[in-house]
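Let's explore a two-chain model together, one question at a time. Have the picture open and follow along!

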Amino acid sequence: MAETILKARHITKLFPGMKALDDVDFDLQEGEVHILVGENGAGKSTLAKVILGAYKAEEGEVTFDNEVVKFNGTKEALAKGIVAVYQEFTLVPHISVAQNIFLNREYRTKLGLIDHKRMEREAQRLMESLNCEYIDVKSHVKTLSVAEQQMVEIAKALSFKPRVMVFDEPTATLSEREVDSLFAQIHRLKKEGIGIVYVSHRMQEFPLIGDRITILRDGVKIKTVDIDACSNEELVNMMVGRDVSQVYVRTQNEHTGTALRTQNLCDYKGKVKNVSISVRRGEIVGIAGLVGAGRTETAELLYGIEPVKSGDVFINEKNVLPKCPQNAVKLGIGLVSEDRKLQGLALDESIALNTVAVSLKKVFPNFFISNKKINEIALDYKKRLRIATTSVNKACKYLSGGNQQKVVLAKWLSFNPDILIFDEPTRGIDVAAKMEIYGLMDRLASEGKAIIMISSELPEVIGMSDRIYIMHEGEIVDEIRRGSEEFNSESIGARMMLGTGGTEDAEK
Amino acid sequence: MQKNSFKQTMKRVPPVAYMLVIIIVIFSFMDSHYLSFSNFRNVLIQSTPLMILAFGQTCIVLTQGTDLSLGAQVSFVTVFIVFLAQRGIILEAAMLIAVCCTMLIGAVNGLIVAKGNIPPFIATYGMQNIVNSISLLLTAGSSVYFSSFTYRIVTETTILFIPLMVWVAVAVFVIVWVVLRKTKFGTNIYGLGGNREALALAGISPVKCLIKTYAFAGMIAGIAGIITLCRVESGQPIVANGWEFQAVAATLLGGTSLREGKGGVTGTIFGVLLIQIIKNGLNVVGVQSIYQNAIIGSIVLAAIIIDAVVRIRAKE
């Protein structure tokens with residue numbers, strides 16, 4: 001039996017307005033890859049940050065080498081050999097690889113100047129230990145590929161002589177081949193007795209690298225299981241917390257006429273290749289795919305954020321091309337974007353103002369606006385969407401993620417577009433709010449809206465969609481209808497990963 | 001292999017250097033006296049104060065900022081040194097005190113920018129006005145005088161036919177270059193512009209770093225002020241108005257990016273020389289000064305637009 005390096009007991013972490021972690025236990029053994037899994041907002045990254053010393057838990061204790069530790073910031077955790085390999089890269093672009101690895105721990109010459117030669121030598125040694133000697137440690141980080149940058153991150157982590165390494169969604173930005181080489185590295189680290197915490201929600205990866213899995217849901221630990229002792233289905237059920245069919249409600253309704261159709265759509269960046277999709281009124285169409293498959297990019301083409309290189313867009317069978325978002329809105333397209341903070345909401349403005357942001361011209365065709373009327377509209381939507389707030393004059397930044405997303409929805413509902421694109425509509429919001437948003441999407445479809453839904457969470461796409469397009473590296477590789485044999489997470493997941501179509505769809 | 005390394009070296013030459021050569025060739029065709037050692041020396045002397053100031057501005061631009069108070073700091077130094085000297089303080093001591101003052105001004109700039117998370121151009125614009133007012137208050141709006149032999153030592157002693165003041169600029173260049181390339185502080189400056197989170201995660205305080213950088217630029221502005229004083233031999237409250245923008249332009253021309261902590265102080269030399277050579281050349285060939293600003297402005301805009309276009313192309 002391997003030695004237990006790290007133990008966390010009864011960890012509770014509070015954030016304003018929510019319990020991010022509630023009495024969670026976790027332990028890690030030498031030479032083990034322990035996967036933390038859960039939906040967005042389940043608390044996996046929060047737990048990782050508590051272990052790393054980036055967050056202080058309100059309750060509970062962490063034991064390292066059978067010794068209770070209380071970290072005051074990541075630096076103290078680092079000193080014990082607990083290091084993170086971050087999801088977003090924490091490298092300085094225009095200094096050398098070696099300088100990045102030894103940032104703030106630079107070797108110096110007798111004169112007090114940086115000893116580039118020695119740092120480069122040491123960095124080279126680290127790179128060799130990772131079998132990455134092809135990376136020039138003198139070159140600027142900016143010139144490296146994403147995968148190479150990740151290797152630099154790992155080398156940097158290794159330079160601290162770690163006992164515990166935390167990987168937070170490390171494969172999110174990597175291509176398949178790069179993922180393979182990352183996993184090879186993780187296996188090597190494991191053999192050296194390093195304990196690895198691996199935060200991820202990509203189930204396909206788990207059997208490849210994991211030893212044990214801890215499932216979190218809404219900040220509560222559900223279970224820790226051995227990787228072999230658990231099927232994907234059981235995992236999903238534990239993550240979601242109930243039978244999937246109860247979360248997603250879909251009313252059967254008629255699909256009438258094609259609202260939006262694209263033909264061989266391409267963009268300039270090569271992220272969208274010959275995409276032909278269609279959505280009918282009353283239909284919810286899902287687009288599934290891995291991160292980087294081109295789903296968001298497709299939405300951006302439809303909404304006029306990025307220019308179309310070639311191909312056609314038909315709205316109500318009329319050939320139109322949204323040139324810019326304003327244009328798209330005029331054509332009756334609404335986008336509930338992935339990043340509501342960046343694109344969806346004016347966070348510093350009131351709920352009321354955000355609610356009417358798009359429909360302002362519709363509500364007030366004349367020059368003047370009336371605050372009274374704005375408030376009336378906002379109050380109406382607050383009631384209809386059950387936005388939890390004391391006043392519609394509050395700034396949106398004070399709302400929780402779920403309620404912010406409801407304001408985005410209110411904004412579009414008050415404008416009443418015919419076509420709605422949902423890009424990761426439930427990212428970072430809790431399950432209760434998710435269910436309300438699903439309910440709302442269903443109602444919108446029943447009212448005859450055409451809905452395109454993009455999501456990384458397969459259960460969500462499968463639960464809500466009438467039809468699913470599967471995207472892989474910019475192309476639509478398959479289309480699967482609800483009710484078909486292939487309409488399940490295994491076969492859709494496999495196609496997302498591999499990019500191969502199954503049986504050709506008869507109708508086309 | 002050899003060819004390859006030649007290509008690599010060519011790649012490292014900033015585009016502004018080519019522009020410089022082209023412009024020198026154009027001017028030398030337009031006027032046969034243009035290419036002379038004495039004219040070249042003139043350009044060097046004329047560009048020295050701006051050159052020094054631009055080295056400081058480059059450090060600020062590397063942190064994704066601009067310090068608009070640097071010109072005002074130069075003017076202030078000329079005035080303040082004379083002000084102190086008139087009241088009996090030894091000139092050299094007054095110079096030291098003035099440099100300490102500009103370092104302090106820089107530190108305050110850095111503090112406001114870093115702690116208040118205020119866009120640098122706004123914070124330093126405020127400071128520019130404050131410093132300008134102080135200079136005008138100290139002098140009641142006119143030039144002030146204090147005669148000393150020291151000025152001439154700086155401007156007229158020559159080493160290898162080149163005046164001492166140019167060597168001061170060389171020394172400042174070496175210092176800034178070493179700081180940027182060979183010290184932790186310099187590494188952190190690149191970090192401030194490139195990825196502040198990376199600094200914070202490595203246990204470096206971005207706030208302290210920014211304060212240090214602005215103070216460093218302030219110190220360099222102080223040196224530029226001393227050189228200016230020696231050239232004009234008087235305290236002039238508005239002598240360096242607008243230099244901060246010329247310094248930004250020279251920095252950008254030299255290939256330092258306003259966006260991501262990319263570039264360095266070597267390119268800035270070419271940037272300053274380009275601006276100065278155009279000014280000088282226009283004088284030599286007899287273009288009226290009212291057109292000169294428009295021409296220089298156009299060249300700066302063109303350089304920045306070309307840079308932006310290249311960057312956008314590279315992205316696509």
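Q: Which helix of chain A holds A:Lys156?
A: This is a predicted model, in which local features need pLDDT of at least 70, side-chain atom pairs count only at pLDDT 80 or more, and totals for chains, interfaces and linings use all residues. Residues are numbered from 1 along each chain as its sequence is written, with chains lettered from A and ligands numbered from 1 in the order in which they are written. Helices (H or I, at least four residues) and strands (E, at least two) are DSSP runs, numbered from the N terminus. With that numbering, A:Lys156 sits within residues 146-158 of chain A, which is helix H5.

Q: Is A:Lys156 buried or exposed?
A: A residue is buried if 20 or more other C-beta atoms lie within 10 Å of its own, exposed if 12 or fewer, and partly exposed in between, with C-beta atoms placed from the backbone. A:Lys156 has 24 C-beta neighbours inside 10 Å, so it counts as buried.

Q: Which residues is A:Lys156 in contact with, leaving aside its neighbours within four places in sequence?
A: Two residues are in contact if their C-beta atoms, placed from the backbone, lie within 7 Å. Once the sequence neighbours are set aside, the contacts of A:Lys156 are A:Asn100 and A:Ile101.

Q: How many Å apart in space are A:Lys156 and A:Ser391?
A: Along the sequence, these two are 235 residues apart. In space, going C-alpha to C-alpha, A:Lys156 and A:Ser391 are separated by 48 Å.

Q: What is the distance between the centres of domain 1 and domain 3 of chain A?
A: Domain bounds come from an automatic or database domain assignment. For chain A it gives domain 1 (4-243), domain 2 (250-332 + 417-431 + 441-503) and domain 3 (341-416). Taken over C-alpha atoms, the centres of domain 1 and domain 3 of chain A lie apart by 39 Å.

Q: Why is chain A as compact as a globular protein of its length?
A: Chain A contains 19 helices and 20 strands. The radius of gyration is taken over C-alpha atoms, and the globule rule is 2.2 Å times the number of residues to the power 0.38. For 508 residues the rule gives 23 Å, and chain A is close to this, so it is as compact as a globular protein of that length, with a radius of gyration of 25 Å.

Q: What radius of gyration does chain B have?
A: Chain B is built with 14 helices and two strands. A compact globule with 316 residues would have a value near 20 Å, and chain B agrees with its 20 Å.

Q: What share of the residues in chain B is buried?
A: In chain A, 44% of the 508 residues count as buried. For the 316 residues of chain B, the share is 47%.

Q: Which residue takes a positive phi in the hairpin of S9(A) and S10(A)?
A: Two strands pair if DSSP finds at least two bridges between them. Two residues lie between the strands, and the one with a positive phi near 50 degrees is A:Asp218.

Q: Which residue in S14(A) stands opposite A:Leu260?
A: Strand S11 of chain A pairs in the antiparallel sense with strand S14 (residues 308-315) over six bridges. In S14(A), the residue opposite A:Leu260 is A:Ile315.

Q: Is B:Asn117 buried or exposed?
A: B:Asn117 lies in the loop between helix H5 (91-116) and helix H6 (120-139) of chain B. Its phi is near 50 degrees, a positive value in a residue other than glycine. B:Asn117 has 9 C-beta neighbours inside 10 Å, so it counts as exposed.

Q: How many residues of chain B are in contact with chain A?
A: On the chain A side, 16 residues take part. By class, these are eight nonpolar, five polar and three charged residues, where Ala, Val, Leu, Ile, Met, Phe, Trp, Tyr, Cys and Pro count as nonpolar, Asp, Glu, Lys and Arg as charged, and the others, Gly among them, as polar. On the chain B side, the number of residues is 19.
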